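Hello,

Here is the structure I promised to pass on. My notes on it follow below.

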Amino acid sequence: MVDLIRGLRAKVNLIALNSGPEIPFATPSDERVLAFQSVLTRAGIPAFVRRPRGRDIYAACGQLKHTTELVQVKV
């Protein structure tokens, strides 16, 4: 990842995965997200951790679309 964007005028917004029903992955721990941010910033790449919103009601990024697909399939 670091080599992919090194030298570009860019910043990285880190958004932890939002898990939900039937999503086969888990949300990473805060420590793991911060460790990844540290790797990027040590390489001179500005990286910011975005605050999750809507996760508690399955309306966060990626969750709403997936949950809607589940409802449409089951109807």
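**Around Q37**

Q37 touches L14, A47, F48 and V49, leaving aside residues up to four places away in sequence; contact here means heavy atoms within 4.5 Å. Please keep in mind that this is a predicted model, where local features need pLDDT of at least 70 and side-chain atom pairs count only at pLDDT 80 or more, while totals for chains, interfaces and linings use all residues. Numbering starts from 1 along each chain as its sequence is written, and side-chain values use heavy atoms, with hydrogens and water left out.

Q37 sits in helix α2, residues 30–42 (helices are DSSP runs of H or I, at least four residues, and strands are runs of E, at least two, numbered from the N terminus). Is Q37 buried or exposed? With a relative accessible area of 18%, Q37 is buried: the cut-offs are under 20% for buried, over 50% for exposed and partly exposed in between, using a 1.4 Å probe and protein chains only.

Just after the helix, G44 has a positive phi of about 85°.

Enjoy exploring it!
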